[in-house]
Amino acid sequence: MSDPDDIPERKMRFLFQLRSRGVTDPRVLEAMERIDRGPFVRGHFEDRAYEDTPLPIPCGQTISQPSVVGLMTQALEVGPRDKVLEVGTGSGYQAAILALLCRRVYTVDRHRRLVVEAEEIFQQFGLTNITTRVADGSFGLPEQAPFDRIIVTAAAEDPPGPLLAQLKIGGIMVVPVGQSDAVQTLIRVRRSETGFDYDELRQVRFVPLVEGLGQT
Ligand code: SAH
């Protein structure tokens, strides 16, 4: 077990690591300082919560690497009035960070267990502007569309059409795209009056976007 006295120092190192890996937006850093990653990493891996590494969570999924969470949040350019859709709730860590930066977060996962556990942590943090759904997020959330921002935290072969359609004009979507499970490219899509502009941000590795609902 870890020594609780080390936690402040580990958190300092955590923030330092984020900065050194390119997370420089002060609002994103502040949100990541306020949302402790510890509660999102339950069980065996809890004492590794402040390492800049992805870790296993239930249902065979992973909580993303903190610097990737920071870089994706930064790339999303979230504003305080924005309505944001996240596809892939997982542990809830990314959604909690977004919740501090925008008006409302809708977060969707295909595993009910993950959604239920994430909701418990949102309550602990007093985050009241997150709406959760158990659903196949590749279809987005038509009843709440359009969104100012969409973040997909599972890898798709292409940016899903329904998500592009649910993005507002002037909106931004960040999504890992790739054919292989081993490595994908993080893409930022901006919707303009006339169409979609794409730029490639970096190589990433995410679990795949899977069709339909999970068993648990
Ligand atoms: N953002 C998460 C990490 C997500 S891991 C965090 O901060 O911890 C990817 C998640 O995407 C997994 O929980 C997986 O169940 C979910 N997922 C995969 N395909 C999906 C789909 N079609 N619809 C909704 N969620 C999906």
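How many salt bridges does the structure hold? The structure holds 13, a salt bridge being a side-chain nitrogen of Lys or Arg within 4 Å of a carboxyl oxygen of Asp or Glu. This is a predicted model, in which local features need pLDDT of at least 70, side-chain atom pairs count only at pLDDT 80 or more, and totals for chains, interfaces and linings use all residues. Residues are numbered from 1 along each chain as its sequence is written, and side-chain values use heavy atoms, with hydrogens and water left out.

Asp-52 and Arg-21 meet through their side chains, 2.5 Å from N to O. The pair links distant parts of the chain, 31 residues apart. Asp-52 sits in the loop between helix 2 (26–34) and strand 1 (55–57). Arg-21 sits in the loop between helix 1 (7–20) and helix 2. Helices (H or I, at least four residues) and strands (E, at least two) are DSSP runs, numbered from the N terminus.

Next, the polar contacts (pairs of N or O atoms within 3.5 Å). A polar backbone atom of Gly-137 lies 2.7 Å from a ligand nitrogen. For a polar backbone atom of Gly-88, the distance to a ligand nitrogen is 3.0 Å. Glu-86 places a polar side-chain atom 3.0 Å from a nitrogen of the ligand.

Technical notes: A polar contact is a pair of N or O atoms within 3.5 Å; within protein, one must be able to donate a hydrogen and the other to accept it, and residues adjacent in sequence count only if both atoms are side-chain atoms.
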